[in-house]
Amino acid sequence: MRLHLIAVGNRMPEWVEAGYAEYAKRLPADCALVLHEIAPGKRTKGADLERARREEGEKMLAALPKGAYVVALEVGGKDWSTADLAQRLTEWRQGGRDVALLVGGPEGLADTCRARADVQWSLSRLTLPHPLVRIVLAEQLYRAWSITQGHPYHR
């Protein structure tokens, strides 16, 4: 099983890339976290933001691995504790399907992405900057994995 983080945004600051990479590399090969960056739509003055969001959604759906279980990260999604995530990670690993985690751009996910999702998850009721979401998500996935392994990281 692989975890695919499909996120709108590219050319992230070095601190974002370093933070994400630090936690992604800690996960074992049978639970690898793979980043798929989707180029954001143009957001110039007077740009059609809804069109940009739809185009990003089309690219995200095209990047989905065949047969993947899809998790949309949405402010209005369900709150999961770290223990809940660990339980879900165990279930995902036992199920053997790849898991795709969708993170939208500044205007959020396209309606087509939300409709395709098997579940919607909210990392927080706070509004988080999208680059930071990558790091928080990678860290929480590593923390959940550490719980399933009895690793001392989660204390």
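Residues are numbered from 1 along each chain as its sequence is written, and side-chain values use heavy atoms, with hydrogens and water left out. Because the model is predicted, local features need pLDDT of at least 70 and side-chain atom pairs count only at pLDDT 80 or more, while totals for chains, interfaces and linings use all residues.

**Overall fold**

The protein has five helices and five strands, where helices (H or I, at least four residues) and strands (E, at least two) are DSSP runs numbered from the N terminus. Along the sequence their order is β-α-β-α-β-α-β-α-β-α. The C-alpha trace spans about 50 × 30 × 30 Å along its principal axes. The radius of gyration, taken over C-alpha atoms, is compared with a globule rule of 2.2 Å times the number of residues to the power 0.38. For 155 residues a compact globule would be near 15 Å, and the protein, with 15 Å, agrees. Of the 155 residues, 43% are buried; buried means under 20% relative accessible area, exposed over 50%, and partly exposed in between (1.4 Å probe, protein chains only).

**Largest pocket**

The largest pocket holds about 330 Å³ of space. Here a pocket is an open set of points on a 1 Å grid over the protein atoms alone, where a 1.4 Å probe fits, with protein on both sides within 12 Å along at least five of seven lines; lining residues have an atom within 4 Å of a point. Grid points are joined across faces, edges and corners, and the volume is the space filled by probe spheres set on the points. The lining has 19 residues, and L73, E74, V75, H130 and V133 are the closest to the pocket centre. Strand 3 (69-79), strand 5 (119-122) and helix 5 (130-149) each give two or more residues to the lining, and strand 3 gives the most, with three. By class, 10 lining residues are nonpolar, seven polar and two charged. In this scheme Ala, Val, Leu, Ile, Met, Phe, Trp, Tyr, Cys and Pro are nonpolar, Asp, Glu, Lys and Arg charged, and the others, Gly among them, polar.

**Aromatic contacts**

The whole structure contains six aromatic pairs. Rings of Phe, Tyr and Trp (its six-membered ring) pair if their centres lie within 6.5 Å; planes under 30 degrees apart count as stacked, over 60 as edge-to-face and the rest as tilted. Y23 and Y142 form a tilted pair, 6.4 Å centre to centre with 40° between the planes. This pair links distant parts of the chain, with Y23 in helix 1 (residues 14-24) and Y142 in helix 5, 119 residues apart. Y23, Y142, W145 and Y153 form one aromatic cluster. The charged end of R26 sits over the ring of Y142, 5.3 Å from its centre; this requires NZ of Lys or CZ of Arg within 6 Å of the ring centre and within 35 degrees of the ring normal.

**Selected residues**

| Residue | Relative accessibility | Class |
|---|---|---|
| Y23 | 19% | buried |
| Y142 | 5% | buried |
| L85 | 1% | buried |
| D111 | 47% | partly exposed |
| R11 | 77% | exposed |

L85 is in helix 3 (residues 82-95). Its C-alpha atom is separated by 15 Å from that of G150, 65 residues apart along the chain. D111 belongs to helix 4 (residues 111-116), and the C-alpha atoms of D111 and G57, 54 residues apart along the chain, are separated by 7.8 Å. R11 is in the loop between strand 1 (2-8) and helix 1. The phi of R11 is near 55°, a positive value in a residue other than glycine.
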